[in-house]
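Thanks for coming, everyone. Please bring up the structure on your screens, and we will walk through it together.

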Amino acid sequence: MSAKQANQHKIVVSDIKKNFGSAQGALPVIGGVSFTVDDGEFVAIVGPSGCGKSTLMNIIAGFEQPDSGSVRVDGTAQRGPSPKGIVISQHGSVFPWLTVQQNLMFGLNDAEHGARHDERAALADHYAAMVGLKGFEASYPHELSGGMLKRAELARAFVVKPEILYMDEPFSALDALMNMRMRTELLRILAEERHTVLLITHDVEEAIYMADRILVLSPRPTTIQASFQVRLPHPRKLASPEAQALREAILRELGL
Amino acid sequence: MNPSSPHQRLAKILPPLLVIAAIVIVWWQVVLRSESAIFPTPWQVLTGAWELAEDGTLWEHISASLLRVGIGFGLAMLVAIPLGLWMGWVGGAYRTFNPIFQMLRPISPIAWIPLAILWFGVGDVSPIFLIFISSVFPMIVQTTSGVHTIERRYLRAAANFGVSRTVLFRRVVIPAVLPEIIVGMRIGIGVAWLVVVAAEMIALRSGLGYLIMDSRNAGNRYDLVIASMIIIGVIGLLLDGATRLLERLKTVKWRYVR
């Protein structure tokens with residue numbers, strides 16, 4: 001899954017700045033961040049905790065506006081959230097009052113995904129099966145484990161065929177084993193359905209395992225401090241000398 | 001939740017039954033020893049209640065009270081739920097109406113009795129009005145706070161999927177608030193039942209509250225007074241149990257399992 005050559009970048013982030021207002025004055029959180037993401041590329045952003053990673057993601061996904069600078073997706077300015085780019089976050093947002101199938105059908109509408117209920121249900125069930133939730137379509141989220149809940153959230157995103165996935169610490173609430181399993185799972189699905197992915201994480205190994213390119217953020221007010229291309233074939237071995245060398249280089253950037 | 005054996009179930013209900021039995025025995029002994037001419041024994045209460053049940057008046061009183069609660073509480077729900085949703089969703093509506101509701105809420109519904117009689121006279125409307133007043137405020141407050149405590153991640157997800165306002169309300173806001181609405185209903189039905197009995201004590205010709213006052217006035221029938229009190233307690237328990245059943249609905253269970 002190498003970066004595709006494209007005349008136009010999928011996402012263009014130019015010189016984003018954001019302050020948090022307070023009584024004493026503005027606290028600068030993002031101090032001018034610029035980068036591009038190509039169509040089909042998997043870019044990971046790693047940074048120390050509290051450096052404004054999530055704020056940056058919120059701005060790029062359209063949930064917040066920057067104080068200055070701009071975000072352009074497919075050449076048009078980002079004005080707000082849309083199904084074109086779905087956010088997967090740490091704590092998840094699978095609706096607890098809907099079944100797995102109803103959750104997956106939430107983002108589907110008559111115009112795009114078939115006017116008949118059973119057409120949409122079939123589409124939802126297809127994606128439930130893809131993430132390994134076959135047989136759990138009628139279950140409620142509180143009846144599922146943390147890993148299954150995360151699968152449901154991924155499926156709910158994939159079913160609307162978003163061009164971009166914004167992943168904000170997607171697997172960090174899971175235990176270590178499930179975390180690793182979900183990485184592999186995500187890569188398997190991404191091989192089937194091509195998406196552009198922007199991943200925010202504090203986990204350097206997670207970034208090395210999945211991303212095509214890794215951007216390292218500085219402490220607040222955050223800027224992009226370094227960028228690493230990951231030229232390792234999938235499936236990647238984190239214990240390989242190349243991966244370890246990369247890990248150390250990134251950790252050095254993070255001051256460790 | 002676990003299927004319990006008959007033995008375990010017995011172990012659960014035995015202690016409260018023993019407490020009730022102890023109260024009845026003590027009561028009986030005290031009445032016998034004090035040789036009270038007015039205060040009835042448990043047996044007299046039982047026969048008194050049986051008398052009323054047999055001639056049918058008991059059922060008339062019970063259904064009169066339940067009907068008033070049903071109408072007053074139903075109207076309160078019709079007003080409180082939409083109003084609470086609106087106040088929760090629209091900041092301006094909250095700032096405008098919340099202070100007045102917070103001020104009206106602590107006024108005991110009993111304090112409204114003179115006004116109820118002035119406005120609606122002595123009839124069925126006054127107690128219905130009092131029940132409405134007593135249950136509408138807790139349900140408004142609960143619904144509003146339900147909207148305020150919807151987790152933002154769910155609203156964000158809905159915005160992300162680009163759903164219409166109708167879908168947002170129908171599929172996210174209302175189901176998210178439903179558990180709080182049910183809590184509000186439990187509080188509301190509880191106070192409504194308290195108030196109907198009090199309201200019926202004021203000059204009406206039916207209802208369990210009337211039955212209590214009438215039994216006392218018509219020849220100190222304290223056996224019937226106590227029988228009515230016990231019946232009121234049991235019905236209150238059943239009403240609460242009925243609203244509790246709503247908490248078992250699949251779509252609201254998530255709120256209570258964790």
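First, the ground rules. This is a predicted model: local features need pLDDT of at least 70, side-chain atom pairs count only at pLDDT 80 or more, and totals for chains, interfaces and linings use all residues. Residues are numbered from 1 along each chain as its sequence is written, while chains are lettered from A and ligands numbered from 1 in the order in which they are written.

Chain A, then. Chain A holds 8 helices and 10 strands. Those are DSSP runs, numbered from the N terminus: H or I of at least four residues for helices, E of at least two for strands. The C-alpha trace of chain A spans about 50 × 45 × 40 Å along its principal axes. A compact globule of 256 residues would have a radius of gyration near 18 Å; chain A has 19 Å, which agrees. That radius is taken over C-alpha atoms, and the globule rule is 2.2 Å times the number of residues to the power 0.38.

How much of chain A is buried? Of its 256 residues, 39% are. Buried means 20 or more other C-beta atoms within 10 Å of a residue's own; exposed means 12 or fewer; partly exposed is in between; C-beta atoms are placed from the backbone. Now contacts: two residues are in contact if their C-beta atoms, placed from the backbone, lie within 7 Å. Take the contacts in chain A with a separation of 6 or more: 69% of them are between residues 24 or more positions apart.

Next, domains. Their bounds come from an automatic or database domain assignment. In chain A, domain 1 is 1–84 + 165–256, and domain 2 is 95–161. The C-alpha centres of these two domains of chain A lie 26 Å apart. Their contact takes 10 residues from domain 1 of chain A and 9 residues from domain 2 of chain A. Which element gives the most on the domain 1 side? Helix H6 of chain A, residues 176–192, with 4 residues. By class, that side of domain 1 of chain A has 9 nonpolar, no polar and 1 charged residues. For the classes, Ala, Val, Leu, Ile, Met, Phe, Trp, Tyr, Cys and Pro count as nonpolar, Asp, Glu, Lys and Arg as charged, and the others, Gly among them, as polar.

Some backbone details now. Most residues other than glycine have a negative phi, and most peptide bonds are trans. Asp15(A) has a positive phi, near 50°. Asp15(A) sits in strand S1 of chain A, residues 11–20. Asp74(A) has a positive phi too, near 55°. Look for Asp74(A) in the loop between strand S4 (68–73) and strand S5 (76–77) of chain A. With 14 other C-beta atoms within 10 Å, Asp74(A) is partly exposed.

Then the cis bonds. One joins Arg220(A) and Pro221(A), with omega about -10°. Pro221(A) lies in the loop between strands S9 (213–217) and S10 (224–229) of chain A. Another joins His234(A) and Pro235(A), with omega about -5°. Pro235(A) is in the loop between S10 and helix H8 (241–253) of chain A.

On to the other chain. The contact between chains takes 18 residues from chain A and 17 residues from chain B. On the chain A side there are 12 nonpolar, 6 polar and no charged residues.

Find Trp97(A), in the loop between strand S6 (85–89) and helix H2 (100–105) of chain A. Trp97(A) has 24 C-beta neighbours inside 10 Å, so it counts as buried. Leaving out residues up to four places away in sequence, Trp97(A) touches Pro175(B), Ala176(B), Thr251(B) and Trp254(B).

Ser89(A) lies in strand S6 of chain A. Ser89(A) counts as buried because it has 22 C-beta neighbours inside 10 Å. Beyond its neighbours within four places in sequence, Ser89(A) contacts Asp168(A) and Arg153(B).

Last, chain B. Its domain 1 is 1–36, and its domain 2 is 41–257. Their C-alpha centres lie 30 Å apart.

Where does H8(B) bend? At Leu178(B), by about 45°, with the proline Pro179(B) following within four residues. The bend is the angle between axes fitted to the seven residues ending at a residue and the seven starting there. H4(B) has a kink of about 40° at Phe97(B), shortly before the proline Pro99(B). Of the 14 residues of H4(B), the number buried is 0, so H4(B) lies largely in the open.
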